[in-house]
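The sequence and the model are displayed first, and the findings follow by topic.

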Amino acid sequence: MRSWPTVAIPDVDPKYTLPKLTLKDTLSGTKKALPTKNLYRMYVCGITPYDATHLGHAATYLTFDLINRYLRATGAEVRYVQNITDIDDPLLERAKRDGIDWEDLAHSQIELFRSDMVNLHILPPESYIGAVEAIPLVTEAIEMLKEVHTIYSVDDDLYFSVRSDAEFGTRSHYSQVEMQEIFSQRGGDPDRVGKKDVLDCLVWLAARPGEPSWPSPFGAGRPGWHIECSAIALAYLKPEPADDYAIDIQGGGSDLIFPHHEMGASQVAMMTGKPYAQTYVHAGMVGLDGEKMSKSKGNLVFVSKLVAAGVDPMVIRLALLSAAYGRDRMWTDAVLAEATARMARLQSALSRNEVAPTKECIALIIASLADNLDSPRAIKAIDSWIEQTESGLTGGSSGELSRAIDTFLGIAI
Ligand code: 5CA
Ligand code: ZN
């Protein structure tokens, strides 16, 4: 699938030293410094293209954009892969409900997502891969899992046996009861008769009448959700044989911790004999005015609608960065109003002939982001600089500060 155009990133002045990036790892529950490397492999779960791009999606991709920007600023290469779940039950259900062709729905939403990502200055993945185009990779992955005896069939459908991985369930820290509950909420089928374990997940769904299907060595059908991401990640990130982990960063929103990322980690461990990711990073959920933002509640706020209403995408970016990425938070009119006011003050301060010293502010932005992407702290440093400039301090370089804000926070002013 075509990715989207890249965004220029200003270079970092060599006078600034970049500390190692630390990130909160969901598996260990602690902050971990990423090892220094020349190449990082990052996989982030992409959209299911039927309601793109709401502010929750935007916040999640923005989180990984901060990681991407920081690692690149250290001089490293980031091999970044993202998928598109362009065939799955929820997409088919939505297309049916709205009386449209599922492929047309997916294409229109992917197009919208691309333009939202461009507007938000989110760096594109190197590989942007749809589930449909990845079907040969999915079937190869299933073959590999078959070789290690982790696949069985129920009727003509194929399942991954979670108990073949002794570590299954240990990564996401939920009890058995919680796992079962979340599994059913997120498309799982705990009650399917013939399964070996209630949590076993579908990897290949045999063709159903009236539904799209593709040929495969296991008969016509379509991929299950979790195997789609495992197969795409391995094929496009190409793990380094000498590494202890298959990839460096596995990411997405916290709604994917279980079952999606647990299943993926198990499948990859079975296929490669290594743990999946060095660090598992999850962005918190964004809600609206005190409620969970969800399709069923119909309270989604879309980036494209805000932009069409005249909101500057850089203000949306600033607004989303004003809260810590890992926490659940609310989008409210007040959040947008605060970011609008902050942007106006920042623009006005940066346009002065004389501005307050900038070196300390830039160093603080870098140090804050290095500390588990603490964007609220980086914004606080910018606020203090604005106040200093407004109070008449001089000696700084507005060009240097606006470049650093662009490089690290992705906000072009
Ligand atoms: N296609 C799958 C992942 S393989 C999927 O979860 N698609 S999605 O469209 O539902 O979500 C796309 C990304 O946005 C995922 O990383 C998901 O975790 C994240 N996301 C979804 N809703 C929210 C929300 N309300 N707040 C923050 N992130 C969200
Ligand atoms: Zn995924």
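## Cis peptide bonds

Thr53 lies in the loop between S3 and H1; helices (H or I, at least four residues) and strands (E, at least two) are DSSP runs, numbered from the N terminus. A cis peptide bond joins Thr53 to Ala52, with omega about -20 degrees. Another cis peptide bond is found between Phe258 and Pro259, where omega is about 0 degrees. Pro259 belongs to helix H7. Most peptide bonds are trans.

This is a predicted model, in which local features need pLDDT of at least 70 and side-chain atom pairs count only at pLDDT 80 or more, while totals for chains, interfaces and linings use all residues; side-chain values use heavy atoms, with hydrogens and water left out. Residues are numbered from 1 along each chain as its sequence is written, and chains are lettered from A and ligands numbered from 1 in the order in which they are written.

Cys229 lies in helix H6 (residues 225–237) and His260 in helix H7, so the pair ties together parts that are 31 residues apart in sequence. Both Cys229 and His260 are buried, where buried means under 20% relative accessible area, exposed over 50%, and partly exposed in between (1.4 Å probe, protein chains only).

The model contains 3 cavities of 30 Å³ or more. A cavity is a set of points, on a 1 Å grid over the protein atoms alone, where a 1.4 Å probe fits but cannot get out, and lining residues have an atom within 4 Å of a point. Grid points are joined across faces, edges and corners, and a volume is the space filled by probe spheres set on the points. The largest cavity holds about 70 Å³. Its lining consists of Thr26, Leu27, Arg171, Ser172, Ile257, His261, Glu262, Tyr280 and His282. Helix H7 (257–272) and strand S11 (277–283) each contribute at least two residues to this lining, and H7 gives the most, with 3 residues. By class, the lining of the largest cavity comprises 3 nonpolar, 4 polar and 2 charged residues; Ala, Val, Leu, Ile, Met, Phe, Trp, Tyr, Cys and Pro count as nonpolar, Asp, Glu, Lys and Arg as charged, and the others, Gly among them, as polar.

The second largest cavity has a volume of about 50 Å³. Around the second largest cavity are Ala59, Leu62, Thr63, Leu66, Leu320, Leu321, Ala323, Tyr325, Arg329 and Ser375. Helix H1 (55–73) and helix H9 (313–321) are the elements that give two or more residues to this lining, with H1 giving the most, 4 residues. The lining of the second largest cavity has 7 nonpolar, 2 polar and 1 charged residues. At least three of its residues come from each of domain 1 (22–283) and domain 2 (288–409), with domain bounds taken from an automatic or database domain assignment.

## Positive phi angles

Most residues other than glycine have a negative phi. His149, which is not a glycine, has a positive phi of about 60 degrees. His149 is found in the loop between helix H4 (135–147) and strand S6 (151–154), and is exposed, with a relative accessible area of 71%. Lys238 also has a positive phi, near 45 degrees, and is placed in the loop between H6 and strand S10 (247–253).

Arg41 is part of strand S3 (residues 39–44) and is buried, with a relative accessible area of 5%. From Arg41 to Glu400 the C-alpha to C-alpha separation is 30 Å, and the two are 359 residues apart in sequence.

Ser254 sits in the loop between S10 and H7. With 22% relative accessibility, Ser254 counts as partly exposed. Ser254 and Pro14 are 240 residues apart in sequence, and their C-alpha atoms are 36 Å apart in space.

Definitions and conventions:
1 Å grid on protein atoms, 1.4 Å probe; cavity = no way out; pocket = protein on both sides within 12 Å on 5 of 7 lines; lining within 4 Å.
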